[in-house]
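Hi there,

Here is the structure I promised to pass on to you. Have a look at it first, and then read my notes below with the picture open beside you.

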Amino acid sequence: MKNKTLYIGAAVVIVVGGLILGLSTGKTEMIKLETAKITRGNVSNIITATGALEAVETVEVGTQVSGVIQKIYVDYNSQVKKGQLLAQLDETPLRAQLDQSKATVDQAEAQVKYQKATYERYKTLIGKKLIAQSDFDLQEYNCNNAVAALNQAQSAYDKNKINLDYATITSPIDGIILERSVDEGQTVASSFNTPTMFIIANDLTQMQVEADVDEADIGKVYTGQRVDFTVDAYPDLVFEGKVTQIRLQPVETSNVITYTVVITAPNPDKNLMPGMTASVSFYPAEKDKTLILPARALNVSIDQSEIKIYAKSNPEVTIEEASLKTSSEKERLVWIQNGNTISQRKVVVGNTDEANYELLSGLNEGDEVLTTFEPEKSESKKSVFGPGPR
(Lines give C-alpha, C1' and ligand atoms only; values in the text may rest on other atoms or scores of the structure.)
Protein backbone atom coordinates (compact mmCIF):
# COMPACT_ATOMS: atom_id res chain seq x y z
CA MET A 1 0.00 0.00 0.00
CA LYS A 2 2.84 2.28 0.81
CA ASN A 3 4.61 1.62 -2.53
CA LYS A 4 1.37 2.26 -4.46
CA THR A 5 1.08 5.67 -2.80
CA LEU A 6 4.64 6.55 -3.83
CA TYR A 7 3.94 5.62 -7.48
CA ILE A 8 0.82 7.76 -7.58
CA GLY A 9 2.66 10.76 -6.11
CA ALA A 10 5.50 10.44 -8.62
CA ALA A 11 3.07 10.27 -11.52
CA VAL A 12 1.32 13.41 -10.32
CA VAL A 13 4.67 15.27 -10.14
CA ILE A 14 5.62 14.21 -13.69
CA VAL A 15 2.24 15.25 -15.13
CA VAL A 16 2.27 18.62 -13.38
CA GLY A 17 5.87 19.25 -14.45
CA GLY A 18 5.06 18.43 -18.03
CA LEU A 19 2.12 20.78 -18.02
CA ILE A 20 4.26 23.58 -16.57
CA LEU A 21 7.00 23.08 -19.18
CA GLY A 22 4.55 22.67 -22.01
CA LEU A 23 2.22 25.52 -21.15
CA SER A 24 4.39 28.08 -19.35
CA THR A 25 6.25 29.21 -22.50
CA GLY A 26 5.29 29.41 -26.17
CA LYS A 27 6.39 31.15 -29.38
CA THR A 28 3.96 32.66 -31.85
CA GLU A 29 5.27 33.62 -35.31
CA MET A 30 4.20 37.12 -36.38
CA ILE A 31 4.87 39.46 -39.32
CA LYS A 32 6.40 42.86 -38.61
CA LEU A 33 5.00 45.47 -41.03
CA GLU A 34 6.18 49.07 -41.26
CA THR A 35 5.23 51.75 -43.81
CA ALA A 36 6.33 55.23 -44.82
CA LYS A 37 4.63 57.93 -46.86
CA ILE A 38 6.03 59.37 -50.06
CA THR A 39 7.08 62.96 -49.31
CA ARG A 40 9.11 65.70 -50.91
CA GLY A 41 12.66 66.47 -49.84
CA ASN A 42 16.28 66.81 -50.87
CA VAL A 43 18.38 63.99 -52.36
CA SER A 44 22.11 64.64 -52.65
CA ASN A 45 24.89 62.35 -53.80
CA ILE A 46 27.95 63.28 -51.74
CA ILE A 47 31.69 62.81 -52.36
CA THR A 48 34.01 63.40 -49.41
CA ALA A 49 37.66 64.46 -49.34
CA THR A 50 40.13 66.29 -47.14
CA GLY A 51 42.44 69.20 -47.86
CA ALA A 52 44.40 72.09 -46.37
CA LEU A 53 43.32 75.71 -46.23
CA GLU A 54 45.56 78.33 -47.81
CA ALA A 55 45.42 81.97 -48.76
CA VAL A 56 44.43 82.55 -52.38
CA GLU A 57 47.67 84.47 -53.06
CA THR A 58 50.82 83.91 -51.01
CA VAL A 59 54.19 85.54 -51.79
CA GLU A 60 57.58 84.56 -50.40
CA VAL A 61 59.80 87.62 -49.98
CA GLY A 62 63.57 87.07 -50.03
CA THR A 63 66.80 88.87 -50.83
CA GLN A 64 69.06 88.60 -53.86
CA VAL A 65 72.15 89.87 -52.06
CA SER A 66 74.08 88.60 -49.06
CA GLY A 67 74.57 90.64 -45.96
CA VAL A 68 73.69 91.31 -42.34
CA ILE A 69 70.13 92.31 -41.48
CA GLN A 70 70.41 95.73 -39.90
CA LYS A 71 66.76 96.46 -39.14
CA ILE A 72 63.36 94.66 -39.33
CA TYR A 73 60.26 96.86 -39.44
CA VAL A 74 57.44 94.26 -39.38
CA ASP A 75 56.47 91.19 -37.38
CA TYR A 76 53.99 88.31 -37.55
CA ASN A 77 50.43 89.36 -38.51
CA SER A 78 51.55 92.86 -39.52
CA GLN A 79 49.36 94.49 -42.16
CA VAL A 80 51.54 95.81 -44.99
CA LYS A 81 51.03 97.81 -48.17
CA LYS A 82 52.71 97.36 -51.52
CA GLY A 83 56.13 99.05 -51.45
CA GLN A 84 56.23 99.26 -47.65
CA LEU A 85 59.67 98.82 -46.05
CA LEU A 86 60.01 95.41 -44.41
CA ALA A 87 63.71 95.10 -43.59
CA GLN A 88 67.05 96.78 -44.25
CA LEU A 89 70.38 95.05 -44.89
CA ASP A 90 73.72 96.61 -43.97
CA GLU A 91 74.67 98.72 -47.01
CA THR A 92 78.33 99.32 -46.08
CA PRO A 93 79.93 96.55 -48.22
CA LEU A 94 77.51 97.18 -51.05
CA ARG A 95 78.31 100.91 -51.11
CA ALA A 96 82.04 100.10 -51.14
CA GLN A 97 81.54 97.89 -54.19
CA LEU A 98 79.52 100.64 -55.85
CA ASP A 99 82.23 103.25 -55.19
CA GLN A 100 84.89 100.90 -56.55
CA SER A 101 82.92 100.27 -59.72
CA LYS A 102 82.35 104.02 -60.11
CA ALA A 103 86.12 104.60 -60.01
CA THR A 104 86.58 101.93 -62.67
CA VAL A 105 84.05 103.72 -64.87
CA ASP A 106 85.86 107.05 -64.46
CA GLN A 107 89.14 105.43 -65.39
CA ALA A 108 87.61 103.79 -68.46
CA GLU A 109 86.08 107.08 -69.58
CA ALA A 110 89.48 108.80 -69.37
CA GLN A 111 91.05 106.00 -71.39
CA VAL A 112 88.36 106.31 -74.06
CA LYS A 113 88.88 110.07 -74.26
CA TYR A 114 92.63 109.63 -74.73
CA GLN A 115 92.31 106.85 -77.30
CA LYS A 116 89.73 108.79 -79.33
CA ALA A 117 91.98 111.87 -79.46
CA THR A 118 94.91 109.74 -80.62
CA TYR A 119 92.71 108.06 -83.19
CA GLU A 120 91.69 111.44 -84.66
CA ARG A 121 95.37 112.46 -85.04
CA TYR A 122 96.24 109.16 -86.68
CA LYS A 123 93.28 109.56 -88.97
CA THR A 124 94.64 112.90 -90.21
CA LEU A 125 98.14 111.48 -90.73
CA ILE A 126 96.93 108.42 -92.60
CA GLY A 127 94.96 110.73 -94.89
CA LYS A 128 98.22 112.45 -95.79
CA LYS A 129 99.98 109.10 -96.00
CA LEU A 130 102.51 110.13 -93.37
CA ILE A 131 102.17 106.92 -91.29
CA ALA A 132 101.88 103.27 -92.11
CA GLN A 133 98.49 101.62 -92.42
CA SER A 134 99.38 99.14 -89.65
CA ASP A 135 99.97 101.96 -87.18
CA PHE A 136 96.55 103.40 -87.93
CA ASP A 137 94.88 99.98 -87.61
CA LEU A 138 96.53 99.46 -84.22
CA GLN A 139 95.27 102.79 -82.94
CA GLU A 140 91.76 102.07 -84.20
CA TYR A 141 91.86 98.76 -82.30
CA ASN A 142 93.00 100.49 -79.12
CA CYS A 143 90.17 102.99 -79.39
CA ASN A 144 87.51 100.32 -79.84
CA ASN A 145 88.99 98.30 -77.01
CA ALA A 146 88.77 101.31 -74.69
CA VAL A 147 85.10 101.81 -75.56
CA ALA A 148 84.39 98.13 -74.78
CA ALA A 149 86.18 98.43 -71.44
CA LEU A 150 84.06 101.46 -70.59
CA ASN A 151 80.85 99.54 -71.37
CA GLN A 152 81.99 96.66 -69.17
CA ALA A 153 82.81 98.99 -66.30
CA GLN A 154 79.46 100.72 -66.67
CA SER A 155 77.64 97.36 -66.50
CA ALA A 156 79.46 96.44 -63.31
CA TYR A 157 78.53 99.82 -61.84
CA ASP A 158 74.84 99.35 -62.75
CA LYS A 159 74.84 95.87 -61.21
CA ASN A 160 76.32 97.11 -57.95
CA LYS A 161 73.80 99.94 -57.88
CA ILE A 162 70.95 97.42 -58.26
CA ASN A 163 72.46 95.27 -55.50
CA LEU A 164 72.46 98.30 -53.25
CA ASP A 165 68.76 98.77 -53.97
CA TYR A 166 68.20 95.08 -53.09
CA ALA A 167 69.46 95.82 -49.58
CA THR A 168 66.11 97.54 -48.98
CA ILE A 169 63.42 94.84 -48.67
CA THR A 170 59.91 96.05 -49.53
CA SER A 171 56.53 94.35 -49.80
CA PRO A 172 55.48 93.38 -53.34
CA ILE A 173 51.76 93.23 -52.48
CA ASP A 174 49.17 94.41 -49.99
CA GLY A 175 48.61 91.77 -47.33
CA ILE A 176 49.50 90.34 -43.95
CA ILE A 177 52.76 88.82 -42.71
CA LEU A 178 52.23 85.11 -42.11
CA GLU A 179 55.84 84.23 -41.35
CA ARG A 180 59.06 86.02 -40.45
CA SER A 181 62.10 83.77 -40.87
CA VAL A 182 64.91 86.18 -39.91
CA ASP A 183 66.00 88.38 -37.01
CA GLU A 184 68.04 91.54 -36.71
CA GLY A 185 71.78 90.86 -36.84
CA GLN A 186 71.33 87.63 -38.79
CA THR A 187 73.46 87.06 -41.88
CA VAL A 188 71.64 85.96 -45.03
CA ALA A 189 73.62 84.33 -47.82
CA SER A 190 72.31 84.55 -51.36
CA SER A 191 73.78 81.89 -53.63
CA PHE A 192 71.81 79.59 -55.92
CA ASN A 193 68.62 79.81 -53.82
CA THR A 194 67.09 83.05 -52.64
CA PRO A 195 66.63 82.87 -48.84
CA THR A 196 63.03 83.45 -47.74
CA MET A 197 62.66 86.23 -45.19
CA PHE A 198 58.88 86.77 -45.10
CA ILE A 199 55.71 85.06 -46.30
CA ILE A 200 52.88 87.45 -47.12
CA ALA A 201 49.24 86.49 -47.73
CA ASN A 202 47.36 88.87 -49.95
CA ASP A 203 43.81 88.66 -48.47
CA LEU A 204 42.61 86.32 -45.73
CA THR A 205 38.97 87.19 -46.37
CA GLN A 206 39.24 84.87 -49.38
CA MET A 207 40.63 81.39 -48.75
CA GLN A 208 41.11 78.27 -50.82
CA VAL A 209 41.19 74.56 -50.08
CA GLU A 210 43.40 72.14 -52.00
CA ALA A 211 41.46 68.88 -51.60
CA ASP A 212 42.76 65.44 -52.59
CA VAL A 213 39.98 63.66 -54.51
CA ASP A 214 40.24 59.94 -55.23
CA GLU A 215 40.51 58.88 -58.87
CA ALA A 216 37.26 56.91 -58.54
CA ASP A 217 35.36 60.14 -57.71
CA ILE A 218 37.17 62.76 -59.80
CA GLY A 219 34.83 62.19 -62.75
CA LYS A 220 31.93 63.52 -60.67
CA VAL A 221 33.67 66.79 -59.79
CA TYR A 222 33.33 69.79 -62.11
CA THR A 223 34.27 73.48 -62.13
CA GLY A 224 31.66 75.68 -60.44
CA GLN A 225 30.35 72.84 -58.29
CA ARG A 226 28.95 73.71 -54.84
CA VAL A 227 31.01 72.49 -51.90
CA ASP A 228 30.52 72.36 -48.13
CA PHE A 229 33.35 71.83 -45.65
CA THR A 230 34.04 71.88 -41.92
CA VAL A 231 37.16 72.37 -39.82
CA ASP A 232 37.99 70.92 -36.41
CA ALA A 233 38.27 74.37 -34.84
CA TYR A 234 34.57 75.11 -35.52
CA PRO A 235 32.74 71.74 -35.62
CA ASP A 236 29.30 73.39 -35.52
CA LEU A 237 29.95 75.70 -38.49
CA VAL A 238 29.55 74.67 -42.13
CA PHE A 239 31.48 76.75 -44.67
CA GLU A 240 30.50 76.99 -48.32
CA GLY A 241 32.79 77.12 -51.32
CA LYS A 242 33.00 76.54 -55.06
CA VAL A 243 35.30 74.43 -57.24
CA THR A 244 37.54 76.72 -59.31
CA GLN A 245 40.22 74.37 -60.61
CA ILE A 246 40.80 70.64 -61.19
CA ARG A 247 44.51 69.98 -61.64
CA LEU A 248 45.38 67.32 -64.21
CA GLN A 249 48.64 66.25 -62.58
CA PRO A 250 47.99 63.05 -60.55
CA VAL A 251 49.40 62.60 -57.06
CA GLU A 252 50.46 59.07 -56.08
CA THR A 253 50.71 58.17 -52.39
CA SER A 254 51.17 54.51 -51.37
CA ASN A 255 49.85 53.35 -54.77
CA VAL A 256 46.73 55.51 -54.36
CA ILE A 257 46.06 58.08 -57.10
CA THR A 258 44.40 61.36 -56.19
CA TYR A 259 43.85 64.65 -57.99
CA THR A 260 44.10 68.12 -56.46
CA VAL A 261 40.87 70.13 -56.60
CA VAL A 262 41.07 73.83 -55.70
CA ILE A 263 38.07 75.27 -53.86
CA THR A 264 37.62 78.97 -53.11
CA ALA A 265 35.64 80.03 -50.06
CA PRO A 266 34.74 83.44 -48.62
CA ASN A 267 36.10 84.14 -45.14
CA PRO A 268 34.63 87.52 -44.13
CA ASP A 269 34.94 86.83 -40.38
CA LYS A 270 38.48 85.45 -40.78
CA ASN A 271 37.58 82.33 -38.82
CA LEU A 272 39.46 80.18 -41.32
CA MET A 273 43.24 80.19 -40.97
CA PRO A 274 45.97 78.92 -43.29
CA GLY A 275 46.96 75.34 -42.59
CA MET A 276 43.63 74.16 -41.16
CA THR A 277 42.44 70.74 -42.31
CA ALA A 278 39.09 70.86 -44.09
CA SER A 279 36.66 67.95 -44.44
CA VAL A 280 35.07 68.62 -47.82
CA SER A 281 31.74 67.40 -49.24
CA PHE A 282 31.08 67.65 -52.99
CA TYR A 283 27.55 67.49 -54.42
CA PRO A 284 27.73 66.05 -57.96
CA ALA A 285 23.99 65.27 -58.11
CA GLU A 286 21.55 67.28 -56.05
CA LYS A 287 17.76 67.43 -56.25
CA ASP A 288 15.68 69.70 -54.04
CA LYS A 289 11.93 69.45 -53.31
CA THR A 290 11.61 66.21 -55.25
CA LEU A 291 9.61 63.08 -54.41
CA ILE A 292 11.76 60.79 -52.29
CA LEU A 293 11.48 57.05 -51.77
CA PRO A 294 13.05 55.40 -48.71
CA ALA A 295 15.82 53.03 -49.76
CA ARG A 296 14.47 50.34 -47.40
CA ALA A 297 11.32 50.09 -49.52
CA LEU A 298 13.34 48.59 -52.39
CA ASN A 299 14.47 45.68 -50.22
CA VAL A 300 10.99 44.47 -49.22
CA SER A 301 9.99 41.06 -50.62
CA ILE A 302 6.87 39.04 -49.78
CA ASP A 303 6.44 35.28 -50.36
CA GLN A 304 3.42 33.01 -49.96
CA SER A 305 4.44 31.66 -46.55
CA GLU A 306 4.63 35.18 -45.14
CA ILE A 307 1.25 36.04 -46.64
CA LYS A 308 -0.35 33.08 -44.83
CA ILE A 309 1.22 34.06 -41.52
CA TYR A 310 0.08 37.66 -41.86
CA ALA A 311 -3.45 36.60 -42.91
CA LYS A 312 -3.97 34.65 -39.67
CA SER A 313 -3.69 37.78 -37.53
CA ASN A 314 -5.02 40.24 -40.14
CA PRO A 315 -7.83 38.53 -42.03
CA GLU A 316 -9.25 41.83 -43.25
CA VAL A 317 -6.09 42.68 -45.26
CA THR A 318 -5.67 41.41 -48.82
CA ILE A 319 -2.14 40.88 -50.21
CA GLU A 320 -1.90 40.52 -53.97
CA GLU A 321 0.64 38.13 -55.44
CA ALA A 322 3.90 39.48 -56.90
CA SER A 323 3.71 39.44 -60.69
CA LEU A 324 5.62 42.48 -61.97
CA LYS A 325 9.08 42.46 -63.55
CA THR A 326 11.60 45.25 -64.27
CA SER A 327 13.23 45.98 -67.63
CA SER A 328 16.02 48.45 -66.69
CA GLU A 329 18.28 49.45 -63.80
CA LYS A 330 16.17 52.52 -63.06
CA GLU A 331 12.99 50.45 -62.69
CA ARG A 332 12.47 48.94 -59.23
CA LEU A 333 9.65 47.09 -57.46
CA VAL A 334 8.01 48.21 -54.21
CA TRP A 335 4.97 47.20 -52.15
CA ILE A 336 2.32 49.77 -51.27
CA GLN A 337 -0.60 49.69 -48.85
CA ASN A 338 -3.86 51.27 -49.95
CA GLY A 339 -6.47 50.81 -47.26
CA ASN A 340 -6.75 47.05 -46.62
CA THR A 341 -4.95 46.11 -49.83
CA ILE A 342 -1.21 45.49 -50.21
CA SER A 343 0.03 45.30 -53.80
CA GLN A 344 3.18 45.49 -55.81
CA ARG A 345 4.03 48.59 -57.85
CA LYS A 346 6.74 49.40 -60.41
CA VAL A 347 8.61 52.69 -59.90
CA VAL A 348 11.42 54.57 -61.65
CA VAL A 349 14.16 56.00 -59.42
CA GLY A 350 17.01 58.44 -59.99
CA ASN A 351 19.79 59.74 -57.77
CA THR A 352 20.34 58.42 -54.26
CA ASP A 353 22.09 59.45 -51.07
CA GLU A 354 21.92 55.82 -49.83
CA ALA A 355 19.13 56.65 -47.38
CA ASN A 356 16.59 57.84 -50.01
CA TYR A 357 16.07 57.68 -53.75
CA GLU A 358 14.76 60.32 -56.10
CA LEU A 359 11.33 59.06 -57.22
CA LEU A 360 10.79 59.85 -60.90
CA SER A 361 7.51 58.02 -61.52
CA GLY A 362 5.23 55.24 -60.30
CA LEU A 363 3.90 56.75 -57.06
CA ASN A 364 2.36 60.01 -55.90
CA GLU A 365 2.97 62.18 -52.88
CA GLY A 366 1.17 60.72 -49.85
CA ASP A 367 1.19 57.11 -51.08
CA GLU A 368 2.09 54.62 -48.36
CA VAL A 369 4.95 52.27 -49.17
CA LEU A 370 6.09 49.23 -47.17
CA THR A 371 9.57 49.57 -45.66
CA THR A 372 9.50 46.40 -43.53
CA PHE A 373 7.67 43.06 -43.98
CA GLU A 374 9.49 40.28 -42.18
CA PRO A 375 8.79 37.47 -39.69
CA GLU A 376 9.45 37.96 -36.00
CA LYS A 377 9.08 35.73 -32.97
CA SER A 378 6.82 36.90 -30.16
CA GLU A 379 7.13 34.97 -26.88
CA SER A 380 4.07 34.37 -24.69
CA LYS A 381 3.91 32.82 -21.19
CA LYS A 382 0.97 30.89 -19.80
CA SER A 383 0.51 29.70 -16.22
CA VAL A 384 -1.29 26.42 -15.57
CA PHE A 385 -2.38 27.84 -12.27
CA GLY A 386 -4.40 30.66 -13.75
CA PRO A 387 -3.72 34.34 -13.37
CA GLY A 388 -1.46 35.62 -10.63
CA PRO A 389 -2.67 37.33 -7.52
CA ARG A 390 -4.48 40.60 -7.89
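R345 sits in strand β18, which covers residues 341-352. Please keep in mind as you read that this is a predicted model. Leaving out residues up to four places away in sequence, R345 touches L324, R332, L333, V334, I336, G362 and L363.

Now for the protein as a whole. There are 4 helices and 20 strands. The chain of 390 residues has 33% of them buried. If you take the contacts between residues at least 6 apart in sequence, 74% join residues at least 24 apart.

Next, the helices α2 and α3. Helix α2 spans residues 92-127, and helix α3 spans residues 133-166. α2 has 36 residues and reaches 53 Å from its first C-alpha to its last, close to the expected 52 Å. α3 has 34 residues and reaches 50 Å, close to the 50 Å expected for it.

How do these two helices pack? Their axes are 8 Å apart and meet at an angle of about 160°. That makes α2 roughly antiparallel to α3, because angles over 145 degrees fall in that class. The crossing of α2 past α3 is left-handed. The residues of this contact divide into 18 nonpolar, 12 polar and 8 charged.

Which residues of α2 are buried? They are L94, L98, S101, V105, A108, V112, Q115, T118, Y119 and I126, and the buried residues of α2 pack against α3. In α3, the buried residues are F136, Q139, C143, A146, L150, A153, Y157, N160, N163 and L164. What covers the buried residues of α3 includes α2 and also β7, residues 168-170. An α-helix has 3.6 residues a turn, so residues three or four places apart point the same way.

A few backbone angles are worth a look too. Most residues other than glycine have a negative phi. Against that background, K129, which follows α2, has a positive phi near 55°. N77 is not a glycine, yet its phi is positive, about 70°. Where is N77? You will find N77 in the loop between β4 (67-72) and β5 (79-80), and N77 is exposed, with a relative accessible area of 56%. N255 is also not a glycine and has a positive phi of about 65°. The loop that holds N255 lies between β13 (234-253) and β14 (256-266), and N255 is exposed at 68% relative accessible area.

Strand β13 brings us to K242, which is found there. K242 is partly exposed, with a relative accessible area of 46%. Apart from neighbours within four places in sequence, K242 is in contact with G224, Q225, V262, I263 and T264. The C-alpha atoms of K242 and R226 are separated by 5.0 Å, with the two residues 16 apart along the chain.

Once neighbours within four places in sequence are set aside, G224 is in contact with K242 and V243. G224 and V243 are 19 residues apart along the chain, and 5.0 Å separates their C-alpha atoms.

One last stop is P284, in strand β15, residues 277-294. Which residues does P284 touch, not counting those up to four places away in sequence? They are N45, I46, I47, K220, Y222 and Q225.

Enjoy exploring, and write back with any questions.

Best wishes

Key. Residues are numbered from 1 along each chain as its sequence is written. This is a predicted model: local features need pLDDT of at least 70, side-chain atom pairs count only at pLDDT 80 or more; totals for chains, interfaces and linings use all residues. Side-chain values use heavy atoms; hydrogens and water are left out. Axes are lines fitted to C-alpha atoms, for helices over the stretch in contact, and angles run from 0 to 180 degrees between N-to-C directions. Angles under 35 degrees count as roughly parallel, over 145 as roughly antiparallel, 65 to 115 as roughly perpendicular and the rest as oblique. A crossing is left-handed if the near helix is turned anticlockwise from the far one by less than a right angle, and right-handed if clockwise. Ala, Val, Leu, Ile, Met, Phe, Trp, Tyr, Cys and Pro count as nonpolar, Asp, Glu, Lys and Arg as charged, and the others, Gly among them, as polar. The expected span of a helix is 1.5 Å times one less than its number of residues. Buried means under 20% relative accessible area, exposed over 50%, partly exposed in between (1.4 Å probe, protein chains only). Contact means heavy atoms within 4.5 Å.
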